[in-house]
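Grab the viewer and work through the exercises below one at a time. Try each task before you read its solution.

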Amino acid sequence: MKVTPRPNTERGQRDLGWLKAFHTFSVPGFDRPDHERWGPLRVINEDRIAEGTGFGLHRHQDFEIFSYIVGGELEHRDTMNHNEVLKRGDIQMTSAGSGIQHSEHAHGAHSAHLLQIWAFPTATGLAPKYFTRTFSDAEKADKWVCVVAPAGVEGVVEEFSAKGPAPIHSPLTLFATMISEGQHVTHAFLKGTEGKERKGYLQLSQRSAYNTGAASGAHVRVLGAERGPVELREGDGAYVVATPGEDITVENIGQGVAEVLLFDME
């Protein structure tokens, strides 16, 4: 298994006052052709939106867009008549398809902290759809929980609000965990198209504090890499190339709980 770290300091950074953002992949103002996409993944932005501010109504088309709420509250409105406030543990999934408009603002007396993720869809021109799911910290404690999975897979329900992972029209599955001090979790990469390697991406959310420098906070060790263990801290990520069924283990070697996301993709 190949594991290539993506340090926090190599992410694109943007500070607009009302918005403090990190960009894993190339976006306008952070032009990195060598980090344009990874499998179906096109965007991982770690955003902090200041109290009383946010993104006004804007259009998306032919992307699968979802927000993983880390802290605070986010108010979502869209042209499909959805209006709701999302909080920690919530996932909002918008299948933009043939086109939608939405807005996102921090709600309440605190800033909103989220990971906004975009993926390429399996087909263009789909009918727009919207889903929400909730996964508590207790559910994710010391185990991987599948929070997003391809539509059509067993256990994936294409309803606005339901149990199980949020449906996505893309060959991408997302797992999340909260690893306690001294504990570890192991994931066997999923089976996909026969003969194809799996692509993975690990991301640690910057849960303890906003930090534009060298990553600090929660500290994990990734086991299974061909060149030996890889250590990551909050804000760090890592590209992974694995074979179906191959195990990857993440262990918490620091203080406090580590929040880790793992994308498993074709």
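**Exercise 1. Find which residues have the most contacts inside the largest nonpolar core.**

Start with the rule: a nonpolar core is a set of buried Ala, Val, Leu, Ile, Met, Phe, Trp, Tyr and Cys residues joined through side-chain atoms within 4.5 Å. Buried means under 20% relative accessible area, exposed over 50%, and partly exposed in between (1.4 Å probe, protein chains only). Before going on, note that this is a predicted model, where local features need pLDDT of at least 70, side-chain atom pairs count only at pLDDT 80 or more, and totals for chains, interfaces and linings use all residues. Residues are numbered from 1 along each chain as its sequence is written, and side-chain values use heavy atoms, with hydrogens and water left out.

Next, zoom in on Val148. Skipping neighbours within four places in sequence, Val148 is in contact (heavy atoms within 4.5 Å) with Phe66, Ile91, Met93, Pro165, Ala166, Ile168, Leu172, Thr173 and Leu174. Lastly, a separate core of 23 residues lies apart from the largest one, with Val3, Leu204, Ile248 and Val260 among its members.

**Exercise 2. Work out the order of the strands in the seven-stranded open sheet.**

First, the terms: strands (E, at least two residues) are DSSP runs numbered from the N terminus, as are helices (H or I, at least four). Two strands pair if DSSP finds at least two bridges between them.

Walking across the sheet, you meet β2-β3-β4-β11-β6-β9-β12, with antiparallel pairing. β2 (12-15) and β12 (129-134) sit at the edges with a single partner strand each, so one side of each has no neighbour in the sheet.

Then check some of the pairs:

- β6 (residues 64-71) and β11 (residues 112-119) share seven bridges, and Ile69 has Leu114 as its bridge partner in β11.
- β6 and β9 share five bridges, and Tyr68 has Ile91 as its partner in β9.
- β9 and β12 are joined by six bridges, and Ser95 stands opposite Lys129 in β12.

**Exercise 3. Decide how many of the six residues of β9 (residues 90-95) are buried.**

Take one face at a time. Asp90, Gln92 and Thr94 are buried on one side, and Ile91, Met93 and Ser95 are buried on the other. That gives six of six, so β9 is largely enclosed by the rest of the structure.

**Exercise 4. Say which parts of the chain the pairs Trp18–Phe55 and Phe25–Tyr239 tie together.**

The rule here is that rings of Phe, Tyr and Trp (its six-membered ring) pair if their centres lie within 6.5 Å; planes under 30 degrees apart count as stacked, over 60 as edge-to-face and the rest as tilted. The count comes to nine aromatic pairs.

Trp18 and Phe55 are edge-to-face, at 5.3 Å centre to centre and 75° between the planes. Trp18 is in the loop between β2 and β3 (19-23) and Phe55 is in β5 (residues 54-60), so this pair links parts 37 residues apart in sequence. Trp18 is partly exposed at 28% relative accessibility, and Phe55 is partly exposed at 24%.

Phe25 and Tyr239 are also edge-to-face, at 6.4 Å and 65°. Phe25 lies in the loop between β3 and β4 (41-49) and Tyr239 in β20 (residues 237-242), so the parts tied together are 214 residues apart in sequence. Phe25 is buried at 1%, and Tyr239 is buried at 9%.
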